[in-house]
Amino acid sequence: MTKRHHTVEKIGGTSMARVHDLVDTLFTRGREAPDYGRIFVVSAFGGITDLLLEQKKTGEPGVYGLFANADNDHAWSDALNRVAGAMREAHGKVLDHPADIAAADDFVRERIEGARSCLIDLQRLCSYGHFRLAHHMGLIRELLSGLGEAQSAFVTAALLRRRGIDARFVDLSGWRDETECTLEERIVEGLRDVDIFHEMPIVTGYAQCSEGLMAEFDRGYSEVTFARIAALTGAGEAIIHKEFHLSSADPKLVGEGAVVKMGHTNYDVADQLSNMGMEAVHPKAAKMLRQAGIPLRVTNAFEPEDPGTLIDDAEGEAPRVEMVTGLGVYALELFEQDMVGVKGYDSAILDVLTRHQVRIVAKTSNANTITHYLDAPLKLVRRVENDLEARFPGATLTARNLGVVAAIGRDLKGLKVLARGLAALDAAGIEPVAVQQTTRDVDAQFVVPREDMEPAIRALHAALVEEDSRQEAMAA
């Protein structure tokens, strides 16, 4: 859409709760004149999507879950009222002009009541035998998810206009739009007449399209929209603004003074972080950016003077552990004495895991045992166990609550990560259940009892990051 250099930038939900604090830093970068040439893609205000869909960590149902299992409309309708209240509270904290607050209140009311009418009509329609609610739940999830981003984009544009920035609300949510289009068509149409060097588009993170973003990406849809916009517009750089820097570990675990900002890494490391549940960017979004040749920068939104961490295709200048992180998993182990030399066990297990939509973090196997480390709640793991027991009645299945702690870097060659890591764990009194390192030398995994995961992160970070950082500092 333009050949001049521009950026596409995304703001996460937690940072959106303080978007008013970002006007004079992130949006204007301290300049007197508005800093255009930037497309902003925004997430919903923190907590809103949880109320609309389900609580991301606990699974507590929001409007979507209550509607899917409703015997009547009271529970989900009351939940929708709570969403409306939370939305008004969220924009009331960032807007200070009465006219802007009134306009935002009206916007929320129109969207919430429109969604309520749609759900009531659908319930009524599905009371007839020819229509099944289950057939429409994917679309309902799409409808509800778009409400949060639409509100935050509308509010942000109003806030910026009040501060003298020519901001435009770009709604990709397809609200009351009867046309059917692809994601690319939706983006192209939304930005068709936007002059990004003279105005600042504030774009919804959710985009309604024929592909159905929720069906494929679920809660990662906003980063996919962000990456697709960057690729389609030929951005010079894609930027994600978070409320923290990408660091060598969680500072709450190892201490603020112990962590090291990553500064520069590559998409390979970003993929490993995603696998460990610590997404710098959704892996599908990273793939889009990588294929388009667009570097990604992850910054702390509240430290705009800091360049953050650049993610591109560059190899590491020297072997180094860049991050130590952990993830709680269930190790599902299938032992079958007759497995030796027999094909089919692996594919059968994968079929069951795929059917139950269980995410695999890692896998090990030997002659008669296959172990999958699963990022899933116990009740789902039990369902997988039941299916596998029916499929392999002679097998022994066990599920253990463990933690996978990974040391990750662009190049780990020559660092003796496994040996040094095992020594550090031994010194900390932690006995690992399993260890593994692939031939690609980008990560080493230490599987430990679940209660030892956080102590293991601290021990490995001290041995593999802090010690090496001290040696580098002394050498310099």
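Me: How many disulfides does a search of the whole structure find?
Reply: The search finds zero disulfides, a disulfide being a pair of cysteine sulfur atoms within 2.5 Å. This is a predicted model, in which local features need pLDDT of at least 70 and side-chain atom pairs count only at pLDDT 80 or more, while totals for chains, interfaces and linings use all residues. Residues are numbered from 1 along each chain as its sequence is written, and side-chain values use heavy atoms, with hydrogens and water left out.

Me: Is cysteine 181 buried or exposed?
Reply: Cysteine 181 counts as buried because its relative accessibility is 12%. Buried means under 20% relative accessible area, exposed over 50%, and partly exposed in between (1.4 Å probe, protein chains only).

Me: On to aspartate 268: where is it found?
Reply: Aspartate 268 lies in helix α12, residues 267-275. Helices (H or I, at least four residues) and strands (E, at least two) are DSSP runs, numbered from the N terminus. At 12% relative accessibility, aspartate 268 counts as buried.

Me: What joins the side chains of aspartate 268 and arginine 440?
Reply: A polar contact of 2.6 Å. Such a contact is a pair of N or O atoms within 3.5 Å; within protein, one must be able to donate a hydrogen and the other to accept it, and residues adjacent in sequence count only if both atoms are side-chain atoms.

Me: And how many residues of α10 are buried?
Reply: In α10, 10 of the 13 residues are buried, including Tyr221, Phe226 and Ile229. Glycine 234 follows α10, with a positive phi near 65°.
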